[in-house]
Amino acid sequence: MSTLKDLLANINYNIKGRSPADLELAGLCLDSRQAKMGWLFAALPGSQVDGHDYIEQALANGCSAVLCERWPKKIAAKVCYIKVEKVADALGPLAANFYEQPSQQLALVGVTGTNGKTSTVSLLYRLFKKLGHKVGLISTIENRIDDEVLKSTHTTPNAIELQALLAQMRDAACDYVFMEVSSHAAEQGRIAGAHFTGGVFSNISHDHLDYHKTFKNYIFAKKRFFDQLPSSAFALVNADDKRAEVMLQNCSAKAYRYAQKQLADFRFRLLENSLSGLQLELDGQEFHCSLVGDFNAYNLLAVYATAILLEEPKTEVLRILSSLKPPAGRFEYVRIPNNPVQAIVDYAHTPDALEKVLQTLKATTSTGRIITVVGCGGNRDNSKRPIMAQKAAAYSDLLILSSDNPRFEEPEAILDEMWAGLSKAQQAQTYRQVNRREAIRWACQLAQAEDVILVAGKGHETYQEIKGERLPFDDREELRQALEEQLAKFV
């Protein structure tokens, strides 16, 4: 077993208390309540809580080492204190050393961007499984170690959890791992210490400004991921997004581009876009799949390009891609036999994502109306609320504003901010219903034959976050029940 001194290789640090040369660690933790004898506690400063305030609790639980940015007032002789400039930057490499560099033994590909991350990594996971590989998945919806499903609590796990998960994937003999890389993860150093074979950039638009404060900060948080890619990796970017070249600045990885509108290494041409699927010319080959919308055409092209860069056979990749379905809660159909109303659940919770889904519905709905149910999450970026309402109203014949994880905010106050973004004419075609279950029922009651209902914002989620509680709630199940209730008017 390696000593703590060995695990600190290539990290700049100072020591007080016990020497790290004779200390063998049994575990790592960020939560002082999890600290045990022989463990290291990382005192990570955060926006809400500072880990330095919990060092004494970790010591009381028996931890043998502390990683910190400032010395505690009391130094215990039997404890090794390691002071670094930033705990967030040092913890990833330390955890990677502790778990014996699992990402060095895997082909790890990260996908970042405002929209499309979950769809892209989920499609990559399923594609490579069908290509015969053992595959790991780290996503918003779920984590998978080949066929084993694990609960996912964050888009990207913290640095310790990530390295532990990668180690499990290595030990399960996975060949590839596809993971979402959030802007928070890049900014907070959660991916530090991970060795990536490739990075993919989908797009960037308005989101998470409650955390990043400015759009420029948000862009550069995404860019940090590409700045950290090694020269042996590939960097694949969507050239139709004007920030693609920003991602490639100071990036050591070999650059590749994919696009519809620009010259690029990988391109697609949209031949047909209907609610039955996409017909594309993809990299010179005609191709059909059941995924809907030009945003999914970009996702498919990113998946295809990634597979080719990982040296998979083109013909087999296209054959398998043509059979894949969208991930849960991403343009997911909810159908009831004999009910002519079409209903779709989508995770779209940014203005850009919502607009793209509604543009697709507008382009593919010729006879019926579009009825949209949408809200905005509480205790998150409130500057996007009026914009979300504007986008929804612009493409919908009827709009119902409702709750979407209000958290600790008052739902009516959130709706007020959305309502303020609507013109008088748009307000005339908009309803307000805080109760999301009732809002979905209203949409189904108002729907006529051939209408399309879009319930946006929560997608795969099976809960509502209200006043610190996660209450069971699934848009798909609520839609099914409401559509069943309305079946009588069509039969």
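By class, how many nonpolar, polar and charged residues are in the lining of the second largest pocket? Four are nonpolar, one is polar and five are charged. Keep in mind that this is a predicted model.

Which residues are they? The space in it comes to about 190 Å³.

Now the whole chain. The protein chain has 491 residues, and a compact globule of that length would have a radius of gyration near 23 Å. The chain has 24 Å, so the value agrees with the rule. Along the principal axes, the C-alpha trace spans about 80 × 50 × 40 Å.

Secondary structure: 17 helices and 24 strands. As for burial, 57% of the 491 residues count as buried.

Next, contacts. Take those between residues at least 6 apart in sequence: 65% of them join residues at least 24 apart.

Last, one residue. Ala 456 sits in strand β22, residues 452-456. Is Ala 456 buried or exposed? Ala 456 counts as buried, because its relative accessibility is 0%, and the cut-off for buried is under 20%.

What does Ala 456 touch, leaving out residues up to four places away in sequence? Its contacts are Asp 346, Ala 348, Leu 354, Val 373, Val 374, Gly 375, Asp 404 and Arg 436. Leu 479 is 23 residues from Ala 456 along the chain, and their C-alpha atoms are separated by 12 Å.

Definitions and conventions:
Residues numbered from 1 in each chain as written. Predicted model: local features only at pLDDT ≥ 70, side-chain atom pairs only at ≥ 80, totals over all residues. Heavy atoms only, no water. 1 Å grid on protein atoms, 1.4 Å probe; cavity = no way out; pocket = protein on both sides within 12 Å on 5 of 7 lines; lining within 4 Å. Points joined across faces, edges and corners; volume = space filled by probe spheres on them. Nonpolar A, V, L, I, M, F, W, Y, C, P; charged D, E, K, R; others polar. Helix = DSSP H or I, 4+ residues; strand = E, 2+ residues; numbered from the N terminus. Rg over C-alpha atoms; globule rule 2.2 N^0.38 Å. Buried < 20%, exposed > 50% of the residue type's maximum accessible area, 1.4 Å probe, protein only. Contact = heavy atoms within 4.5 Å.
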